[in-house]
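Please have the sequence and the coordinates open while you work.

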Amino acid sequence: MRQVVRNTLSAVALSLFAIAPAAAQEAYPVDTVTIYTHSKPGSGSDLFLRAISAPLAKYLGANVIVDYWAGGSGAKAMANLAVAPADGSAFYATTPTHITTSLLSKPDKTYKDIDYIVNFFYDPEIFYAKADSPFKTIKDAVDFAVANPGKAKWGGASAGSLERQILEKIKKAKGAEVAIIPHEDGAGLLISVLNGTVDIGVGELAELSGQIEAGELKPLGVYMPERLPNLPDVPTALELGVDSDVIIKFRGLAGPKGIPAETVALIEAAAQKVLADPDFKKEYEKLNLIPGYMGQEEYRGYVGKFVESQAKFYEDFGVTAE
Amino acid sequence: MDAVNIALGVLFTTPAIFAAFAGVAYGIVGGAMPGISPSVAMALLVPFTLTMDPTTAIILLASVYVGAEYGGSIPAILINTPGTNAAAATTIDGYALHQQGRGGEALGISLMAGVVGGLVGVIALVVLTEPLAKLALAFTPPAYFALGILSLSVIASLTEGSLVKGLISGVIGLMIATIGSDPISGVTRFTFGIPEVYGGINFILIMMGVFAVSELLIQVSLVDRERAGRDTRIKLPSLKSWKRLWLPVSVGSGMGIFEGITPGGGGAVASFLSYNEAKRWSRHPEEFGKGSIEGIAAPEAANNTVAGTALIPTLSFGIPGSNSTAVLLGALLVHGMQPGPMLFTQNPDVMYGLYGGLFVANIAQLAIGMLIMTPCIWLVNRPKRYRLAIIYALVFSGVYSIDNSAFDLIIVLMAGVLGYVMKLLKFPMLPLVLGLMLGYMVEANFRRSLMVSSGDPIIFFQDPISLGLLVLSGLMIFGSAIWPALKKLYRQRTAAS
């Protein structure tokens, strides 16, 4: 997968720190928009932002550049964003990481001190097992766990991860007696699934598609409200009755509080055009990202719900740090 | 063929070649300065690699390792002071040759032996890493636990100094590793409510402290040493001398392959062992110690081979074979890469790019080694107070730039004082670093295993890999505990008869 990301974006990398060509300048309140990420240069988030900056510049009518507030898993980014000018010139590329950091590391400035503007994408999570696993869908795996208490083994990523949260949620709802075994990260979990230490795992499709194409893994279910275009035959957890609602990873923009409503409206309009752009669409479909546009009102509510469910999970399981 | 394509692609489309050249040049200078070991030279450079793409960064650091192993022999030959631990064996014959006015020839042999040894090391790296990484795929949690225990016990018993001191040092490392969040439940431990350490302590900080800062503290208390003459010119060995050199170079390379793969050995052990072996196999053993060209070739081939082969366990299992590869492993983690079987599927460009970069670095070493001689000797001759001040500034600005956190400076200083005290009391440092790096692996896999078996410890003896490795670790610890007693007994017997 990363290979694909790299290939697609090697062209982008050529113009390191390049300023996307400015179209009509008069439309947007500022000439240059900076999107900050807490990820390191060259990371998945960084490459994603570089890919989106060109179409965003085109439809916003402003230069869009990517810069870094790296370190502290988003703590520094939230602190800087909270005091950035509220004129639509500075945004923070959101992923669930900064919420985890807010809840667990308790920095001075948290998600409460910034405002959510638009959402662009969802990162779909899937359930998976080794290719020769007896389970055909995630429902088989859950049924097996319910019927054979103490025998099933499920693997999650790190202790405080969304992946573990999903499994604990299902385990509780179904009353299954199953060991949920945390790993250091998604790659560690993948090895455990491949060598049979755990029966099933949960992870981002983007990280797994390579192994699925190679025939080493098979997808058991999609943790999204609807089926995925790249995996049309794989049912969702909702269809199978494994879970009643889903928590999804998101990628969007946050800004300082107090950005004028007219400016927000301009960004909302540009965001919808970016997602509909045919060239960019080809790119993000290859990256297994699911467009999930949300305007400001909807996005605020969505993040609020996300925070609530995470906070409850941490409390229920005594997680105090990642 | 794919791998070759990727390697060539990386070399010709990224700054990888420049990184290899620059790394070797910097490494030679760093290695030549007494007090700057290859690991210190690499640790100083890590912060500067943060903004590079991972492939360039890793090639740069690995090339520094290559250059530093040769650089260490320059002061060893010219002023009888090894620039690196691994060059200590080179002082014996190198300085003797220099006193006979053959210093340039000695440097040339060291350089050529290093290039040949380095290339052998890279070939071993290319041939062995991927199969070993595939083998790592079969490692279940109990097997990883046992592997961690084995590495810790090998190190505790093989490193210099007493077994007890090695174990204490390892335990200190394990204790530092427990700071931060619990690997299984995510509950924070030993953080004293300080949010900066909730995520654990960054390995690189501890290594900067125990390697660089502690060495600086020790250097301050030493008197300035002899200066190197500036008129030395490198003379490469003639075809005639190669007839005598191929044997010690082969001995050194073979020893380097073996010691690089075994954790805990490292360049210093490999060069002393190969010096002894080369003497045993030589047709002129009487020359050893009085200026034998073979006595330079063997250890210098060995330590440059280790620069390649020590990467094998680092990349395939995440277990560093030496201090320097521990720094490299820390840098991999900083760049968001996890060593192990997934490295080849997820970052093939980094892996194959590294192979290509190391080939370039080893060949570049020949040209750079000759060109850099004069500026290198000039730098080594600067007064110590200036050198140390600049290195201090590099350490602290570098540490700060990793996460822009002033708290990290406190951690580095504390680690530096810890390292200083440990060095004064002659505690080995490698067990500490390995305890730190393996602590998480040992603990997380121990608990994961028990979760898999619902709390039954028999799982560690059911898994064949785990059982084998645990038995081996038992033998290792038991053996090194009774070895001195056995040796004494044997001596008494022979003395009696």
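## Exercise 1: the contact between the chains

In this predicted model, 36 residues of chain B are in contact with 32 residues of chain A, where contact means that the C-beta atoms of two residues, placed from the backbone, lie within 7 Å. Because the model is predicted, local features need pLDDT of at least 70 and side-chain atom pairs count only at pLDDT 80 or more, whereas totals for chains, interfaces and linings use all residues. Residues are numbered from 1 along each chain as its sequence is written, and chains are lettered from A and ligands numbered from 1 in the order in which they are written.

Task: find which helix gives the largest share of the side of chain B that touches chain A, and sort that side by class.

Solution. Begin with α16 (342-346) and α21 (430-452) of chain B, each of which supplies at least two residues of the side that touches chain A; helices (H or I, at least four residues) and strands (E, at least two) are DSSP runs, numbered from the N terminus. The largest share of this side of chain B, four residues, comes from α21(B). By class, the side of chain B that touches chain A has 15 nonpolar, 16 polar and five charged residues, with Ala, Val, Leu, Ile, Met, Phe, Trp, Tyr, Cys and Pro counted as nonpolar, Asp, Glu, Lys and Arg as charged, and the others, Gly among them, as polar.

## Exercise 2: the sheet of chain A

Task: state in which order the six strands of the open sheet in chain A are arranged, and follow β4(A) to its partners β10(A) and β11(A).

Solution. The order is β2-β1-β3-β10-β4-β11, with mixed pairing, two strands being paired if DSSP finds at least two bridges between them. The edge strands, which pair on one side only, are β2 (63-68) and β11 (290-294) of chain A.

Next, take β4 (residues 114-123) of chain A, which is joined by eight bridges to the antiparallel strand β10 (residues 249-256) of chain A. Along this pair, D115(A) stands opposite G255(A), and Y116(A) has A254(A) as its bridge partner. Three bridges join β4(A) to β11(A), again running antiparallel, and here N119(A) has M294(A) as its bridge partner.

Finally, consider burial, a residue being buried if 20 or more other C-beta atoms lie within 10 Å of its own, exposed if 12 or fewer, and partly exposed in between. Ten of the ten residues of β4(A) are buried, so this strand is largely enclosed by the rest of the structure. Over chain A as a whole, buried residues make up 49% of the 322 residues.

## Exercise 3: the largest nonpolar core

Task: identify which residues have the most contacts inside the largest nonpolar core, and list the contacts of M208(B).

Solution. A nonpolar core is a set of buried Ala, Val, Leu, Ile, Met, Phe, Trp, Tyr and Cys residues joined through C-beta atoms within 7 Å. The largest one has 252 residues, and those with the most contacts inside it are M42(B), A43(B), L61(B), A62(B), M207(B) and M208(B). Helix α7 (residues 103-136) of chain B gives the largest share of this core, 15 residues. Leaving aside neighbours within four places in sequence, M208(B) is in contact with A43(B), V213(B), V395(B), V399(B) and V412(B).
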